[in-house]
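This report describes the fold of one protein chain and then turns to a few of its residues.

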Amino acid sequence: MNLVFWAAVFATVLLIPSLVLVAWRLLAGPSSADRAIATDMLGLLGICVAALAAAFTGYTAYLDIAVGIALFGFLGAVAFAGLLE
């Protein structure tokens, strides 16, 4: 087992509570701005999940999925900011 594997395991341990806390903020956010930030953060955590899948499996196709998530997450954040305006 190499350093990349242990770094991915450590990142996974940090990622799981982050997903739970962001999902809680998305559901229980007191304002629309909190929910907008939570959806953007959920997209970033989705990118992290795809990158970790690439690190664990060795398939680079997961990195293409991460780029797609980043693109749609950015467009969604911009659209939601326009809606709030």
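## Overall architecture

The structure is a predicted model. The protein chain contains 3 helices and 0 strands, and its pattern along the sequence is α-α-α. Helix 1 covers residues 3–28, helix 2 covers residues 32–57, and helix 3 covers residues 61–84.

Along the principal axes, the C-alpha atoms occupy a box of roughly 50 × 25 × 15 Å. The chain has 85 residues, of which 14% count as buried. It exposes about 6,000 Å², and carbon and sulfur atoms supply 77% of that area. Among contacts with a separation of 6 or more, 47% join residues 24 or more positions apart.

## Packing of helix 2 and helix 3

The axes of helix 2 and helix 3 come within 9 Å and cross at roughly 175°. Helix 2 is therefore roughly antiparallel to helix 3, since an angle over 145 degrees counts as such.

On the side of helix 2 they include Ala-36, Asp-40, Gly-43, Gly-46 and Ile-47. On the side of helix 3 they include Ile-65, Ala-66, Ile-69, Gly-73 and Phe-80.

## Gly-73 in helix 3

Gly-73 is found in helix 3 and is among the residues of that helix that meet helix 2. The C-alpha atoms of Gly-73 and Asp-40 are separated by 6.4 Å, although the two residues are 33 residues apart along the chain. Gly-73 counts as partly exposed because its relative accessibility is 25%, and this class lies between the limits of 20% and 50%.

## Leu-19 in helix 1

Which residues does Leu-19 contact, leaving aside its neighbours within four places in sequence? They are Leu-42, Leu-45 and Val-49, while Leu-19 itself belongs to helix 1.

Leu-19 and Ile-37 are 18 residues apart in sequence, and their C-alpha atoms are 13 Å apart in space. With a relative accessibility of 29%, Leu-19 counts as partly exposed.

## A nonpolar surface patch

Leu-71, Phe-72, Phe-74, Leu-75 and Val-78 make a nonpolar surface patch of about 540 Å². One of these residues, Val-78, lies in helix 3. Val-78 counts as partly exposed because its relative accessibility is 46%.

Notes. Residues numbered from 1 in each chain as written. Predicted model: local features only at pLDDT ≥ 70, side-chain atom pairs only at ≥ 80, totals over all residues. Heavy atoms only, no water. Patch = residues over 30% accessible without salt bridge, like charges linked within 9 Å, V, L, I, M, F, W, Y side chains within 5 Å. Areas by Shrake-Rupley, 256 points an atom, 1.4 Å probe, with all protein chains shown as cover. Salt bridge = Lys/Arg side-chain N within 4 Å of Asp/Glu carboxyl O. Helix = DSSP H or I, 4+ residues; strand = E, 2+ residues; numbered from the N terminus. Buried < 20%, exposed > 50% of the residue type's maximum accessible area, 1.4 Å probe, protein only. Contact = heavy atoms within 4.5 Å. Axes fitted to C-alpha atoms, helices over the stretch in contact; angles between N-to-C directions. Parallel < 35°, antiparallel > 145°, perpendicular 65-115°, else oblique.
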